[in-house]
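Me: I've got a new one open here. Can you walk me through it?

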Number of protein chains: 2
Amino acid sequence: MLVKHGVVIGLGRLTSHLPSSSSSSVLRRQQFLVRALCGSQIIRAMSSTSEADAESILRTVTPSLDPKRHKGQAGKIAVIGGCREYTGAPYFAAISALKIGADLSHVFCTKDAAPVIKSYSPELIVHPVLEESYNISQLSEEDQRTVQDKVLGEVNKWMERFDCLVIGPGLGRDPFLLECVSKIMLLAKKSNVPFVVDGDGLFLVTNSIDLVNSYPLAVLTPNVNEYKRLVQKVLNCEVDEQNAEDQLRSLAKQIGGVTILRKGKSDLISNGEIVKSVSIYGSPRRCGGQGDILSGSVAVFLSWAQQLKQDPESPSENPAILGCIAASGLLRKAASLAFTKHKRSTLTSDIIECLGESLEDICPAS
Amino acid sequence: MLVKHGVVIGLGRLTSHLPSSSSSSVLRRQQFLVRALCGSQIIRAMSSTSEADAESILRTVTPSLDPKRHKGQAGKIAVIGGCREYTGAPYFAAISALKIGADLSHVFCTKDAAPVIKSYSPELIVHPVLEESYNISQLSEEDQRTVQDKVLGEVNKWMERFDCLVIGPGLGRDPFLLECVSKIMLLAKKSNVPFVVDGDGLFLVTNSIDLVNSYPLAVLTPNVNEYKRLVQKVLNCEVDEQNAEDQLRSLAKQIGGVTILRKGKSDLISNGEIVKSVSIYGSPRRCGGQGDILSGSVAVFLSWAQQLKQDPESPSENPAILGCIAASGLLRKAASLAFTKHKRSTLTSDIIECLGESLEDICPAS
């Protein structure tokens, strides 16, 4: 679509400069050039069938800003993550959701992580409700169950209000915490709340694939290593770069049609049926935290695409696929802009600061 | 090179102002002055043969940004430091590493220091694992050993992933903590991980020189006082400013060929064989924390120089020496730029903000 769109615009622009008379050899050469150029572009557009038109999808998915709408209608996101060790990752995911245009962004984390995450930004609503083993290991099994029930109750009372969860940024690998999180996934599924799984959430899911199996509102966003482990576990083989698209489709199908966004030089996205790629050039900086921006962004765009689905005139494509394409495209554009400004010293916070400008560039608010 | 370059520029500037006629006595005196001035500069340039071409080394050592590389390949640094009393120093060292271009920067500090260091920046991964005496003094000797083993286990499980450690910024002088840190040094040596020792880490090393003796991947970055104590302890004499280069060479040789960066008006660097100096003008501001920028920077450039060493076409010089020269040159340039902008109110954070621009100026990212 992007390429086709580019061709149409390109053709319009090129031909509009041509004089009305077409007798001169200069003009014939120009017309030949236009035809040759457009022809090759169309061929390229047709051959790269899997490349998504991310900008066009961003424009389609992003809701217009209507003064009649009230707080919450542009998205309520919750990040499940943040423990004693990690606090940056859930912050990056949650603040990215707001910077794209969500109305409310919550974080559910451990008691140790909460004051730190709160200190990063007063914009976030941070719930210090998760528990790690070191804090409850002296309790009896029964008391530990009581603690778990309390944690689940604290999260579940909010569940129905959320449009999407992001499960995993900075979660850590504490067994007690991960057990709670696996039950939070069950609660989300029960309430039909979509969720994006990243980071340590993927560690959990890879070891207990049933947690997401056949849930069409689950999105997994593995990086190189996380993808490798998923392929080994689910397909019982190694990553096959020669048949990357087919393998991704098989993997998503094998997990019952969840959507997988495989991060890489090009991002590849599949729900077990179609495969799309996003290859817009981003940035050569690989500072940690960019995956957290992506997971927070997928949550917002997925929510918006879900809202769109209720409109009978909207595109019929899977909201999870649309959300992944939009998020991947926007992150790449923002990373590119941040790199132009900050070069080698580009940090994840710099990219987050460019999300708004990048989205505005593609899809102006007014 | 820099001085030579300065001479050429100086000569050009001075002579360009001379009138074409050269008959007047005023002009003869001017020409004499030019010759005398340039002559003395050339002599100085030739005698200070050890001045390193820091900018050229920065260009050689800094890797090109390749979109095919993935997270971590541009450097994973860890700072061991940060206690109840000091939190700024480890932050400065760790964030400087990221601002220069490392992908991941960790801090291992005490439980009290962690929330504060985390709150400075979500970009850092901060592990609250070190322990101070006040927290464990009521424990039995056996339990104290268990605590120490736990601390070492927490650090060691990450060790192999790091390209370089920075040991010392904001470490404090608690005996229990320093004992743990001395064992962390042994673990680093066992895994062949290079480390930069600064601040209280130098206090530890000066009293237990065996910790670094003959480890070619150790870099010490003493300031005036820390250098004085090292010389007294190792060479059993006072600092000799008249023979500063020879004395530094002897000191580094005596510690088995570790690399020492002696900070001062000019930074002097030796591994017991060669001696190099970096004299680029920095800033007259002496606000605390600049040494932390330097130690974090040495860690990054040393890692990059180590990667370069694997390339058969790379310069054969010692990566620790190259890392020290590059870090010293960049800090001086950034300090100079920050001083131009902020004058007397220049703080360490302002210098850190100038690291990216300074590196970009010397070695453009694209």
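Reply: Here is a quick tour, from the chains down to single pairs. This is a predicted model: local features need pLDDT of at least 70, side-chain atom pairs count only at pLDDT 80 or more, and totals for chains, interfaces and linings use all residues. Residues are numbered from 1 along each chain as its sequence is written, chains are lettered from A and ligands numbered from 1 in the order written, and side-chain values use heavy atoms, without hydrogens or water.

Me: What rotation superposes chain A on chain B?
Reply: A rotation of 90°, with 0.1 Å of shift along its axis and an RMSD of 0.1 Å. That is the relation of a four-fold axis.

Me: Which residue of chain A comes closest to the axis?
Reply: A:Ser119, with its C-alpha at 4.4 Å.

Me: OK, the interface. How many residues are in contact?
Reply: 24 residues of chain A are in contact with 37 of chain B. Contact means heavy atoms within 4.5 Å.

Me: And what area is buried between them?
Reply: About 2,600 Å², with 57% from carbon and sulfur atoms. Buried area is the accessible area (1.4 Å probe) that two parts lose on being put together, summed over both. On the chain A side, A:Glu85, A:Arg286 and A:Arg344 lose the most, together 30% of what that side buries.

Me: Do the copies meet through the same or different surfaces?
Reply: Different ones, because only 4% of the interface residues of chain A are also interface residues in chain B.

Me: How many salt bridges are there between chain A and chain B?
Reply: One. A:Arg285 meets B:Asp103 there, at 3.4 Å from N to O. A salt bridge is a side-chain nitrogen of Lys or Arg within 4 Å of a carboxyl oxygen of Asp or Glu.

Me: And over all chains?
Reply: The structure holds 26. One pair is A:Asp198 with A:Lys263, with the closest N and O atoms 3.2 Å apart. A:Asp198 lies in the loop between strand E5 and H9 of chain A, and A:Lys263 in the loop between strands E7 and E8, so the pair ties together parts 65 residues apart in sequence. Helices (H or I, at least four residues) and strands (E, at least two) are DSSP runs, numbered from the N terminus.

Key: Least-squares fit on C-alpha atoms with pLDDT ≥ 70 in both.
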